[in-house]
Structures are given as C-alpha cells and as structure tokens.
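Here are some notes to read alongside the structure. Take them one at a time, with the model open beside you.

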Amino acid sequence: MSVADESIAVADLVNSQKLACTSHLLTRKGAEIRVRVHSIPGRDGGQALIFGDIDRLRAPLVRIHSRCLYGDALHSDDCDCGPELDQAMDMIQRADAGVLLYLEQEGRGAGLEVKAKGLRVTQTEGRNTFDAYRALGFEPDSREFDTAARFLTEQLGLHAVSLLTNNPDKVHALQRGDITVTPVPLITEPRSHWAREYMEAKRIHRGHRLPPYSFRRIGRRIEQTCFALGVVATTAAIYWAPRELAVLAFMALAATAVTWHPARTSVRLRLRAWRRQLAQRPRHPTPAG
C-alpha cells in the first residue's frame, strides 16, 4: 500500500469512528430511525445527518437544505422551505435511509437581516424576492453547493444519489463533482399567497422544477371533486346497496382519505413503527407438556 493510499485509509477510519460515536435513534412522527451527525466545514457548510444504512443503497436519497429560520423553526406559511424539509424527511424515513445536509445559508446565503429587508421590499413595493435582493445591492442567490458535493464524495463516498430538490443549481453542482444525480422533485402546496408568489418567482426566474400554480389549482379541484363524489357514492351504497358492497365502498373511501389527506405520511410511519415493534417483541416459547 502506498503512502497516499495509507493516508486515505486512515482518514476513512477516523471518519467512520467519528460518525459511529454520534449514532443514536431519532423519533419523528411516531417512528424511530438511526441517525449519525457530521459537521461540514467551509463558508457554505453546516451539518450532515446520515439516516439509516446508506451503504446498502445504490443511490440514496439526499436533501441539501439551506437553513430557513422562519420556515424550519417558526413554521412560517410564507415560503415552502419548511414543507419541503418535512416532505424530504418523510421520504427518507419511508426509505429507512438517506442524507440531510443542513447548510448555514440563511437568506440564500445573504443572512437573516438581508432576508428580512428583502421581505420588506417584496411586501411594500410588490417586487419578487430576487428583484428585491438586487434593489438592495445583493446577489439574488449567493449560495454555492460545491462544498456539499465534496462532502458527499470525500466523506460519505457517494457517487450516485437521488437528490430531493426542485433547484437545478444543486443538481449541476453535484454533477460537476462527478456524482450521478437522479432529481426527485418536492411538490408542496403553498400555504399563503406570499408562498404562492415566492414559488412562482423561483419557477420563473431561477428555473425551479415546479408546476405552474394554475395547474396545481386544477389538480386540487379534481381531487376534491373526486373525493366528494366518493362520499356521495359511499352514502348511497350504505343506504341502498347490499351490506357487503357498502362495507367495501366505505373501506375504499377510507383508503382514499388516508392517501389524500396531508397527515397520510404520519399515519403510515406510525403504522410501520407499530408493526416493527410487534416484530421485535420477544416471543416466549410455549411450555412443553
């Protein structure tokens, strides 16, 4: 083994030990998942959370998330940051493995104070979020994701990922780092008119892979209409159809509600956690005789 190879092997061992000493169980939405933590140095660094056993997957789920105090911690309805993070974590938990890179890039890298000034300009002058930054003398987006790409390859040894993002800049950064990227979109519902305008600005001005809001609204109306028709059909079946058919109709409606309702992921995670607890419960042998 050459000196260079030996140095790499020692670095890998130290990194593995560092991850191992942070390993613990995290309970989220009623389900447990193992997580390890590693710091990411650099201006655009932050913290890496490695969930489950990513080594068993060819292209594990990866979310590169820029910190948003308003959306992540205060649950603001005026952006899609919190809902995107929540959806990404739901998908990682369903897969039992994945990586969250939580980067210190508040306000698209400009900081919270600049972000607040930009929001004021947006609300008082009617500018979109990117034009508001330009009016204040800042770049619309000063983040870089090359640091994240290097961390994925050098520290985690990942060369193929399923990237949970709508942002093409993140995809291109990882591809420049010799990572094969399969983009996985995160489609969330805007929770206020400010969030709707923010998401439209990202789609139009930064090329985020988001459906136009008019398409979202049509799809939502179709879902609501189908659900309403299902309620009417189930009610009619309960009153006029044979009992067996009524039961089947009710079960189909309940399954549709669980699938369609925003709380569906929490329900699925809790059911899976309950099944896992039953499977892990020690079985006492039946006494002989």
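This is a predicted model: local features need pLDDT of at least 70, side-chain atom pairs count only at pLDDT 80 or more; totals for chains, interfaces and linings use all residues.

1. **The overall picture.** The protein is built from 11 helices and seven strands. It has 289 residues, and 37% of them count as buried. Now look at the contacts between residues with a separation of 6 or more: 62% of these involve residues 24 or more positions apart.

2. **Helix α8.** Helix α8 covers residues 193-206, which makes 14 residues. From its first C-alpha to its last it reaches 19 Å, close to the 20 Å expected at 1.5 Å a residue. Its buried residues are Ala195, Tyr198, Met199, Ala201 and Lys202. They cover an arc of only 155° around the axis, so they lie on the same side of α8.

3. Side chains of opposite charge can pair when their charged atoms come close. In this model, Asp169 and Arg206 meet in a salt bridge, with 3.5 Å from N to O. Asp169 belongs to helix α7 (residues 168-176) and Arg206 to helix α8, so the pair ties together parts that are 37 residues apart in sequence. Asp169 is partly exposed because its relative accessibility is 28%. Arg206, with a relative accessible area of 27%, is partly exposed too.

4. Arg67 forms a salt bridge with Glu106, and their closest N and O atoms are 3.4 Å apart. This pair links distant parts of the chain, 39 residues apart: Arg67 is in the loop between β4 (61-66) and α2, while Glu106 is in the loop between β5 (97-103) and α4 (112-125).

5. Glu113 counts as exposed because its relative accessibility is 59%. Lys117 has a relative accessible area of 43% and is partly exposed.

6. **A nonpolar patch on the surface.** Leu69, Leu74 and Leu112 form a nonpolar patch, and together they have about 250 Å² of accessible area. Leu74 sits in the loop between α2 (69-73) and α3 (81-95). Why does Leu74 count as exposed? Its relative accessibility is 57%, and the cut-off for exposed is over 50%.

7. **Leu163, a buried strand residue.** Leu163 is found in strand β6 (residues 160-164). Its relative accessibility is 0%, and it therefore counts as buried. Which residues does Leu163 touch, leaving out those up to four places away in sequence? Among them are Val62, Ile64, Val171, Leu174, Val181 and Val184. Ala88 is 75 residues from Leu163 along the chain, yet their C-alpha atoms are separated by 9.8 Å.

8. **Arg143, a buried loop residue.** Arg143 lies in the loop between α5 (129-135) and α6 (146-155). At 17% relative accessibility, Arg143 counts as buried, since the cut-off for buried is under 20%. Beyond its neighbours within four places in sequence, Arg143 is in contact with Asp44, Ser66, Gln105, Arg108, Gly109 and Asn167. Ser66 is 77 residues from Arg143 in sequence, and the two are 8.8 Å apart in space, C-alpha to C-alpha.

Definitions and conventions. Residues are numbered from 1 along each chain as its sequence is written. Side-chain values use heavy atoms; hydrogens and water are left out. Patches are made of residues with over 30% relative accessible area and no salt bridge: like charges are joined within 9 Å, nonpolar side chains (Val, Leu, Ile, Met, Phe, Trp, Tyr) within 5 Å. Accessible areas come from the Shrake-Rupley method with a 1.4 Å probe; for residues, only the protein chains shown count as cover. A salt bridge is a side-chain nitrogen of Lys or Arg within 4 Å of a carboxyl oxygen of Asp or Glu. Helices (H or I, at least four residues) and strands (E, at least two) are DSSP runs, numbered from the N terminus. Buried means under 20% relative accessible area, exposed over 50%, partly exposed in between (1.4 Å probe, protein chains only). The expected span of a helix is 1.5 Å times one less than its number of residues. The arc is that of the directions from the helix axis to the C-beta atoms. Contact means heavy atoms within 4.5 Å.
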